[in-house]
Amino acid sequence: MSTSKLLRGTFILTAGVMISRLLGLFYVIPFYHLVGERGGALYGYGYVPYQIFLSLATGGLPVAVSKFVSKYNALGEYGVGYRLFRSGLILMIASGIASWLILYALAPILAPHVIDAKTNVNSVDDVTAVIRAVSFALLIVPVMSLIRGFFQGHESMGPTALSQVVEQIARIAFLLGACYVILRLMDGSIVSAVSAATFAAFVGAAAGLLVLLVYWWKRRPYLQSLLARDRGEADVSLLAMYKELLLSSIPFVFVGLSMSLYQLVDQFTFNHAMAAAGRGNISEHAYSVFNMWAQKLVIIPVTLATSFSLALIPTITKAYVAQDRKALRQYLNQTFQVLMFLTLPAVIGMAVLAGPVYSSFYSYDPLGEQVLRWYAPAAILYALFSVTAAIMQGINEQRFTVVSLTAGLLVKLLLNTPLIMKWSAVGAIVATMAGYFVSVAFNLWVIQRRTRYRYRFVARRTAFMAILTAAMSAAVMGVEALASRWIDYRAGTAESVGAAAIGAAVGAAVYLFLSIRSGLFSALFGDRFAFWRRKEKKAVS
């Protein structure tokens, strides 16, 4: 595969992922104003178990198939990958149907464990209806994911990228359209609207699958020509391939499930703990704020930071395999520094601007401001867990990610109920951060033991970044205090957007200026702004 083709494919796939994620972020603004806090809680009740069942249904097979197809295509054994794809297609259809039936049947059993019927606004029947509505997507998504993996194995990223974008557009259009018609035109119930919103996952998946089938039809002659050139020398049984696939994919399934598993713990404990503490009347409002609306905002810096950092993982793998300790140390330093450079100011800035930011996306809510201020720092741990898990994959120690995730979940389980009873939503956030801290600490320890890597340099750099972030925060707080004389973010959306924009612009400018003048930016990304420092030196001399 040529470098230009690799870069083009990576760019196309990255662009598709970023567009899909941006669409998935901004739709929550009109969705929030349509369904409100109750609808947000109900939506979360349905989506968390769906995400877990989806991960179990696919079992990491689509990614594994992509790797196997690419591997055997490079050897000229096109038939091996095609045979694996055909059997995988049957397996995905079967697992999709089985997962749908199980989740559909389990819905009335899961629902009573989610809410406290005596105090919550939503009922057991409401939660059952929403879980069953979203379960239908399991019939399509596993098959769609496998076809995407097959195309990627053939070094074709366009089908995956376009199908992801179309899937998201169709899902959001159906979701918002159905909610608007049901609530505003038909004067229907919140339960009906949210059920339609979760069923939108099935509609989006159907649209994405249609795009892939069109690509398949157009490229069928090309795929047949590859099979005609098959060398036919490889003798690999399906049993052997699936054994290797499952052993390599299980750790990745657990890593992909990490956030959903933490949310599942909250889903089964939060409302009951709030009711036990005598706060059942506000539990669903608090649940929707931290597990739906605030969580969408916290994920933004995680997505941006990890996308930059994970690009360095292949080089880490190459250096580790070649036993080049010097290069490995340099790549690890670069990965952790880039991660912290991007994440630290973003999350602290979000915490400082919690009120305007939350109000800009939704509406002014004192609880939302408080929750976002506490929740934003968790993004650092989310990002570190994702990156350290990827590094462990690169050094072939991915089995330990299962251990670290299990340990973190146990901490979350032990702390969640008592902390929720004491501090409500903030308690759930603290329990989540404690769990992720344990997982990240274990991952860092494994990396240190297996690579003999020392964190002293990164720790010093992170401390310096923290000083720059503190200076940035002071500047933002000063500007916000000054701007509050003319702009009250509590007054409405326009005011909150203005306050958030001013604070974000000042924060970004101060942090970038300080990082460039100090040489930190050049150390991480190259000496593109060295002329600023040269001018400063000349002025001093």
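**A walk through the model**

Guide: V440 is found in helix α17 (residues 425-451), where helices are DSSP runs of H or I with at least four residues, strands are E runs of at least two, and both are numbered from the N terminus. Bear in mind that this is a predicted model, so local features need pLDDT of at least 70, side-chain atom pairs count only at pLDDT 80 or more, and totals for chains, interfaces and linings use all residues. Residues are numbered from 1 along each chain as its sequence is written, and side-chain values use heavy atoms, with hydrogens and water left out.

Visitor: Is V440 buried or exposed?
Guide: Buried means under 20% relative accessible area, exposed over 50%, and partly exposed in between, with a 1.4 Å probe and protein chains only. V440 has a relative accessible area of 4%, and therefore it is buried.

Visitor: Which residues is V440 in contact with, leaving aside its neighbours within four places in sequence?
Guide: Contact means heavy atoms within 4.5 Å. With neighbours within four places set aside, the contacts of V440 are L381, L384 and F385.

Visitor: How many salt bridges are there?
Guide: Side chains of opposite charge can pair when their charged atoms come close. The rule here asks for a side-chain nitrogen of Lys or Arg within 4 Å of a carboxyl oxygen of Asp or Glu. By this rule the count is seven.

Visitor: Which residues are linked with E397 in a network of salt bridges?
Guide: E397 is buried, because its relative accessibility is 8%. R399 bridges to E397 with the closest N and O atoms 3.1 Å apart, and E397 also meets R450 in a salt bridge at 3.1 Å, N to O. E397 lies in the loop between α15 (378-394) and α16 (399-423) and R450 in helix α17, so this pair ties together parts that are 53 residues apart in sequence. In the network, E397 is linked with R399 and R450.

Visitor: Are R399 and R450 buried, partly exposed or exposed?
Guide: R399 has a relative accessible area of 48%. For R450 the value is 36%. Under the cut-offs, R399 and R450 are both partly exposed.

Visitor: How far apart are the closest N and O atoms of D488 and R490?
Guide: D488 is partly exposed at 36% relative accessibility, and R490 is partly exposed at 45%. These two residues form a salt bridge, and their closest N and O atoms are apart by 3.4 Å.

Visitor: What kind of pair do the rings of F151 and W216 make?
Guide: Rings of Phe, Tyr and Trp (its six-membered ring) pair if their centres lie within 6.5 Å; planes under 30 degrees apart count as stacked, over 60 as edge-to-face and the rest as tilted. The count by this rule is 40 aromatic pairs. For F151 and W216 the centres are 6.2 Å apart and the planes are at 75°, so the pair is edge-to-face.

Visitor: Where do F151 and W216 lie?
Guide: Both F151 and W216 are buried. The pair links distant parts of the chain, 65 residues apart. F151 is in helix α6 (residues 141-153), and W216 is in helix α8 (residues 190-228).

Visitor: Which ring has the charged end of R171 over it?
Guide: A charge sits over a ring if NZ of Lys or CZ of Arg is within 6 Å of the ring centre and within 35 degrees of the ring normal. R132 lies over the face of Y104, at 4.4 Å from the ring centre. The charged end of R171 sits 5.0 Å from the centre of its ring, and that ring belongs to Y27.

Visitor: What is the phi of D187?
Guide: Most residues other than glycine have a negative phi. D187 lies in the loop between α7 and α8, and it is exposed, with a relative accessible area of 65%. Although D187 is not a glycine, its phi is positive, at about 55°.

Visitor: Where is R452 found?
Guide: R452 is another residue other than glycine with a positive phi, near 60°. R452 counts as exposed, because its relative accessibility is 59%. Its place is the loop between α17 and α18 (456-483).
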